[in-house]
Amino acid sequence: MLGCMNGARVRRWLTLSSGVVECLCFAGAVFGWASLMFVLKSEGYFGYLCVNATGPNGTAYTDCSGQDEQFSLVFTIASFMNNFLTLPNGFLFDRFGTTVARLLGISLYTTGTLLIAFSNAATSLLLFPALSFIAVGGILLLITNMQVGNLFGTHRSTIITLYNGAFDSSSVIFLIVKVLSEGGISMHASFLFLSACSVIHLTRTFLLMPRTHIPHPLPEGYTYGLGCGQSKTFSPEEPGENKVHVQNEGEAESAPFHPDSTERKEVASFRSCVLSWFFLWHLVWLSVMQLRHYLFIGTLNPMLTRLTHGDPALVSRYTNAFAITQLCGVLCAPWNGLIMDRHKGKRRGPGESEEEADLRSAVLSLFLTALQCLLFSICASTPFLPLQYLSFALQVLNRSFLYGGNAAFISIAFPTCHFGKLYGLMMALSAVVSLLQYPCFSLVKGLLDGDPLYVNVGLTVLSLTAFIHPFYVYMHCRRLTAQRERPQANGGTAAPINGAKPRSVPTVS
């Protein structure tokens, strides 16, 4: 029995560490687009859109604005698909579980890498489906990995943000592709290698991941993957189910179970969660900052070309610097998780629930993320080339806080059984907003004659709306505190966390 317990502990740490490697090396590679775009340009992709032109002083030059616009469209569609298809992927994950979601993600990711591996300048249009497949497959790998935080109780938010940080840092993979290409190893060989790595994802899916879900809170004696003897395993599904499954050796868990079912509270409906103020202001918070980041990434190459006056060596140097800073995302993101988990293990106030303590702790994280975005936007809007090093640092810090904080907030503010659907809907709606990046790019290239200053100033002003969300959560916590101090005024009960109904699943204390 002791051996089984030790084996389960080792399996949990293997699941955690291998998940970090998976997210770091594969899941978010699409956001290294600036590095891959440099390679694609050198190999002539969309090169037929470059035309000879004459400058104001009569000098001839090659105008590749059409090529830049096409590359921007490729990234716009891929980033949109990355977020928008998270909605059906979230439903798929909640309904069919981890194995089905991961198999779909691996299939899409492998298809995308193979399309690029066998593409060339004559088949440049293959970049549209290829990058979208890589983006959607990568986000599915992230979604299925974030539940691993449920295995580690008091460090749940820290682990969720760690995975999101690794996802951000995986954009360095396309930098490696760029460096290898400059060293003589073709881009096509690199993508064939990435395709072959799908064997690793499949092995991890069947040996180190649950077949359905990892529940929260974690029931006593929970096991997953290859078992040892017989043990009770559980997974959180829709409220109202209460089943126990006896797991034989080598069999994965499959049936739902809810502890303390006799005292189960009514869970908030999916509809009530979507219609809550928490969901609305969190959507605004995510959307405006995501739009700022996507426009920055998608227009980085033409922006650097403008600031360096077309010097390819300088453009390459700054592109490499940007990609290298992305690697720091995995180091920055856990700090956000530590901020959100800083109250764990401490004594709560009289009558304060764990959910309320989680929300109160999240306020600082939400505020710091909005502040980082404001500072990043100001630096990115300033047309001074050396300042862009600071822009790169602030961008990776803010992006790691943004996506880790997004997933962690949804996990603490809403019922666990709706996580996949709510996370997917949040990302899908924010994806619709992110489509504004393409008209913004067209506006800069057309009416503004390549000068993005006015668009950047407008986005900086828009980013101020992100501060509404932490203020609203703070005021909500203040109201809950006031209600606890006046039990007679509200019949001795506190307001529900998300403005709807209390959760059915208690949180881990």
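Here is a short chat about a predicted model of one protein.

Visitor: What makes up the secondary structure of the protein?

Guide: There are 21 helices and four strands. Of the 509 residues, 56% count as buried.

Visitor: What makes a residue count as buried?

Guide: Buried means under 20% relative accessible area, so 56% of the residues here fall under that cut-off.

Visitor: Why is Cys328 called partly exposed?

Guide: Its relative accessibility is 34%.

Visitor: Where does Cys328 lie, and what is it in contact with?

Guide: Look in the loop between helix H14 (312-326) and helix H15 (329-340). Leaving aside neighbours within four places in sequence, Cys328 is in contact with Ser169 and Val396. Cys328 and Val172 are 156 residues apart in sequence, yet their C-alpha atoms are 9.7 Å apart in space.

Visitor: Which residues have the most contacts inside the largest nonpolar core?

Guide: Those are Trp33, Leu36, Met187, Phe191 and Tyr423, in a core of 112 residues. Helix H6 (residues 127-146) brings the largest share of this core, 13 residues. There's also a second, separate core of six residues, and Leu291, Cys440, Val455 and Leu459 are among them.

Visitor: What makes a set of residues a nonpolar core?

Guide: The residues must be buried, come from a list of kinds such as Leu, Met and Phe, and be joined through side-chain atoms within 4.5 Å.

Visitor: What does Met187 touch?

Guide: Not counting residues up to four places away in sequence, Met187 touches Leu36, Val39, Leu40, Glu43, Tyr45, Ile116 and Val177.

Visitor: Which residues make the contact of H5 and H9?

Guide: From H5 come Thr110, Thr113, Leu114, Ile116 and Ala117. From H9 come Met187, His188, Phe191, Leu192, Leu194 and Ser195.

Visitor: How many residues of that contact are nonpolar, polar or charged?

Guide: The contact of H5 with H9 has seven nonpolar residues, four polar and no charged. Leu and Phe count as nonpolar, for instance, so Leu114 and Phe191 go into the nonpolar group. Thr and His count as polar, so Thr110 and His188 go with the polar ones.

Technical notes: Residues are numbered from 1 along each chain as its sequence is written. This is a predicted model: local features need pLDDT of at least 70, side-chain atom pairs count only at pLDDT 80 or more; totals for chains, interfaces and linings use all residues. Side-chain values use heavy atoms; hydrogens and water are left out. Buried means under 20% relative accessible area, exposed over 50%, partly exposed in between (1.4 Å probe, protein chains only). Helices (H or I, at least four residues) and strands (E, at least two) are DSSP runs, numbered from the N terminus. Contact means heavy atoms within 4.5 Å.
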